[in-house]
Amino acid sequence: MKVLVTGGCGFLGSHVCDFFLEKGWEVQSYDSMTKYELKRTGYGTDATREYNWNYLKNKGVEMVKGDIRNLEHLLDRSTNCDYIVHTAAQPAMTISWEDPELDFSTNVLGTFNVLEAARKRKIPVVNTSSIHVYGNSINDSLKESETSYTREPIEIPETQATMIGKISPLHASKMSAEHYVQTYRDMYDVKAASFRFTGIYGERQFGGEDHGWVANFAIRSVFGLPLRIFGTGKQARDILYARDGAESYFNFFQNQIPGTYNIGGATGNKISLLECIYMIGEILGKKQEILFETERPGDMRYFVCDINLARKFGFNPKTKPKEGVTKLIKWIDENKSIFEIK
Ligand SMILES: NC(=O)c1ccc[n+]([C@@H]2O[C@H](COP(=O)([O-])OP(=O)(O)OC[C@H]3O[C@@H](n4cnc5c(N)ncnc54)[C@H](O)[C@@H]3O)[C@@H](O)[C@H]2O)c1
């Protein structure tokens with residue numbers, strides 16, 4: 001069996017490649033190596049940029065440099081594939097404000113092309129969406145404890161209204177991509193799903209303030225740098241360890257129930273920014289300096305996934321935040337030389 005992983009050199013994509021390799025599949029990573037998320041991390045060095053490419057190449061993944069906006073090339077490279085896992089994206093809300101055209105062409109046109117490839121090859125496909133599509137009206141129904149925003153009921157299902165609240169180009173592009181996935185299911189019978197991922201974290205995540213907050217806090221804490229929080233720090237997510245996220249695509253292939261699914265850690269993995277910073281400090285045995293700034297427009301203060309639908313095709317997050325974050329910190333510690341913090 002062979003899987004084509006778009007965005008294979010990205011954070012989540014690299015974990016998907018790893019997971020399918022371990023299951024004995026042939027794996028092709030299809031990535032433009034654009035790496036928008038490194039734009040403002042302060043450690044976008046060549047070593048960081050190439051890290052996942054070299055990591056996967058050494059493991060035997062077929063490496064293809066290609067742009068999902070090029071349909072012809074994508075069609076050519078999907079020949080002989082049995083499954084497409086689509087993780088390539090412009091994933092950051094901040095970058096979507098600054099460059100809405102880039103966000104649209106990557107997330108909408110790119111996803112459309114991926115669906116075309118799946119239709120022509122008659123293979124299943126999973127589109128990686130985001131809890132961003134719900135919008136931030138959830139902010140209006142929250143209470144707060146000393147360290148976290150809270151809500152009753154804790155978990156939010158897929159029936160929650162989408163695109164409510166203040167909407168950014170990223171919300172629009174991710175939602176449009178989901179509409180196309182639904183269209184390809186309904187019109188062309190493609191076995192297609194959209195996975196609405198919560199915040200993901202793990203090894204090989206070069207997180208910055210734009211995207212990947214757990215890794216951003218972990219990296220800066222390891223280097224003893226101050227941590228910047230936009231808002232109160234009580235923002236909460238049901239964070240998901242990347243390997244558990246990667247497994248969800250495997251579960252779907254084994255049990256292809258087309259649909260739209262929340263993919264997150266659910267109640268047991270709920271953690272706020274402040275709680276995560278304290279946990280990292282505890283693991284490292286140090287207290288970090290925290291700088292507070294005003295909340296960013298469009299920020300979602302809270303999301304915890306109801307994952308009962310995804311459980312039906314076999315999804316089951318296993319890794320608890322402390323265990324996963326300890327592994328992330330170990331990886332950062334072992335790879336200090338590739339972070340050139342400015
Ligand atoms: N990381 C998270 O916490 C999180 C949360 C929710 C959803 N997601 C979604 O998961 C997916 C992967 O996110 P990530 O954190 O791994 O991001 P990432 O930026 O690490 O990976 C994306 C990869 O896509 C590649 N790419 C970008 N444009 C491309 C193009 N035109 N053609 C081919 N490749 C291209 C990039 O080079 C990069 O390697 C995205 O769809 C994102 O929206 C991520």
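Which element gives the largest share of the shell around the ligand? In this predicted model, the largest share comes from α1, with three residues.

**The ligand shell**

The ligand is surrounded by 28 residues, and the closest are G7, G10, L12, A88 and A89. Two or more residues of the shell are given by each of the elements α1 (11-22), α5 (100-121) and β5 (125-130). Sorted by class, the shell around the ligand holds 13 polar, ten nonpolar and five charged residues.

**A pair of helices**

Two packed helices are described by the angle between their axes and the distance between the axes. For helix α7 (residues 213-222) and helix α9 (residues 273-284), the axes come within 10 Å and cross at roughly 35°. The crossing of α7 with α9 is right-handed. The residues that make the contact are listed by helix below.

| Helix | Residues in the contact |
|---|---|
| α7 | W213, V214, F217, A218, S221 and V222 |
| α9 | L273, C276, I277, I280, G281 and L284 |

Of the residues in the contact of α7 with α9, ten are nonpolar, two are polar and none is charged.

**A three-stranded sheet**

An open sheet is formed by three strands in the order β14-β11-β16, with mixed pairing. Because β14 (270-272) and β16 (302-303) stand at the edges with a single partner strand each, one side of each is left without a neighbour in the sheet. Strand β11 (residues 236-238) pairs with β16 in the parallel sense, over two bridges. Opposite A236 stands Y302 in β16.

Technical notes:
Residues are numbered from 1 along each chain as its sequence is written. This is a predicted model: local features need pLDDT of at least 70, side-chain atom pairs count only at pLDDT 80 or more; totals for chains, interfaces and linings use all residues. A residue is near a molecule or strand if its C-beta atom, placed from the backbone, lies within 6 Å of it. Helices (H or I, at least four residues) and strands (E, at least two) are DSSP runs, numbered from the N terminus. Ala, Val, Leu, Ile, Met, Phe, Trp, Tyr, Cys and Pro count as nonpolar, Asp, Glu, Lys and Arg as charged, and the others, Gly among them, as polar. Axes are lines fitted to C-alpha atoms, for helices over the stretch in contact, and angles run from 0 to 180 degrees between N-to-C directions. A crossing is left-handed if the near helix is turned anticlockwise from the far one by less than a right angle, and right-handed if clockwise. Two residues are in contact if their C-beta atoms, placed from the backbone, lie within 7 Å. Two strands pair if DSSP finds at least two bridges between them.
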